[in-house]
Amino acid sequence: YSIDTINPTDPTASVGTGLYNVDQNVSLSSSDDHGSYTIYYTTDGTVPDNTKTLYVGPISITTTTVLKAIAYDTVGHTSNVVSFNYTIDKINPSQPVATPAGGTFGVAQNVILSATDNIGLPSIYYTIDGSTPTIASSLYSAAINIASNMVLKAIAIDAAGNSSTIASRVF
């Protein structure tokens with residue numbers, strides 16, 4: 001005789017909860033002291049049980065999704081329901097806008113940079129020597145004082161890692 005009194009472990013996901021800029025293939029796993037278990041899941045945020053989708057292989061996450069899973073062993077013991085929240089953001093932020101937009105001026109200018117994104121505000125990185133900006137460039141946090149001839153270039157990068165096209169303005 002074998003008496004099973006232990007619940008299967010809570011399901012784990014191969015890809016952690018988070019913000020991603022590409023589709024994710026998520027594998028689920030659990031364990032049981034007797035070795036045999038099944039996992040059921042939902043991708044609409046509802047609570048799963050053994051009448052929901054049976055996990056048989058990686059789940060393709062292509063949009064923002066709440067994945068919930070539960071494990072059952074052969075005698076009906078269950079794990080806790082676990083949730084994994086995935087935000088898939090494939091949209092690039094807008095190209096940074098400079099105000100003023102460049103040109104010839106008789107006095108120094110305080111240039112303000114701005115950009116928009118579908119999720120929050122992106123970070124803006126800039127250079128004033130005409131080089132291509134990257135995440136290693138200066139992070140924009142306040143108006144940039146332009147007191148001599150220069151080329152200002154800026155790029156917006158959102159939290160998912162999507163980047164805008166580069167804005168270039170001559171002062």
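Good morning, colleagues. The structure is a predicted model, in which local features need pLDDT of at least 70 and side-chain atom pairs count only at pLDDT 80 or more, while totals for chains, interfaces and linings use all residues. Residues are numbered from 1 along each chain as its sequence is written, and side-chain values use heavy atoms, with hydrogens and water left out.

I begin with the overall form. The C-alpha trace spans about 90 × 25 × 20 Å along its principal axes. The radius of gyration is 25 Å, whereas a compact globule of 171 residues would have one near 16 Å. That radius is taken over C-alpha atoms, and the globule rule is 2.2 Å times the number of residues to the power 0.38. Of the 171 residues, 36% are buried. Buried here means under 20% relative accessible area, exposed means over 50%, and partly exposed lies in between, with a 1.4 Å probe and protein chains only.

I turn now to the aromatic rings. A pair of aromatic rings is described by the distance of the centres and the angle of the planes. Rings of Phe, Tyr and Trp (its six-membered ring) pair if their centres lie within 6.5 Å; planes under 30 degrees apart count as stacked, over 60 as edge-to-face and the rest as tilted. By this rule there are 5 aromatic pairs. One of them joins Tyr40 and Tyr72, edge-to-face, at 5.6 Å centre to centre and with 90° between the planes. Because Tyr40 belongs to strand E5 (residues 37-42) and Tyr72 to strand E8 (residues 65-73), this pair ties together parts that are 32 residues apart in sequence. Tyr40 is buried at a relative accessible area of 15%, and Tyr72 is buried at 13%.

Tyr126 and Tyr140 form a pair whose ring centres are 6.5 Å apart and whose planes meet at 75°, so this pair is edge-to-face. It links distant parts of the chain, 14 residues apart: Tyr126 is in strand E12 (residues 123-127), and Tyr140 is in the loop between strand E13 (138-139) and strand E14 (144-146). Tyr126 is buried, at 17%, and Tyr140 counts as buried at 17% relative accessibility.

Next, the charged side chains. How many salt bridges are there, taking a side-chain nitrogen of Lys or Arg within 4 Å of a carboxyl oxygen of Asp or Glu? The count is 1 salt bridge. Lys90 pairs with Asp23, and their closest N and O atoms are 2.5 Å apart. Lys90 is partly exposed, at 45%, and Asp23 is partly exposed, at 38%.

On a 1 Å grid over the protein atoms alone, a cavity is a set of points where a 1.4 Å probe fits but cannot get out, and lining residues have an atom within 4 Å of a point. The structure holds 1 cavity of 30 Å³ or more. Its lining includes Pro96, Val97, Leu113 and Arg169. Strand E16 gives the most to this lining, with 3 residues.

Note on methods. Helix = DSSP H or I, 4+ residues; strand = E, 2+ residues; numbered from the N terminus. 1 Å grid on protein atoms, 1.4 Å probe; cavity = no way out; pocket = protein on both sides within 12 Å on 5 of 7 lines; lining within 4 Å. Points joined across faces, edges and corners; volume = space filled by probe spheres on them.
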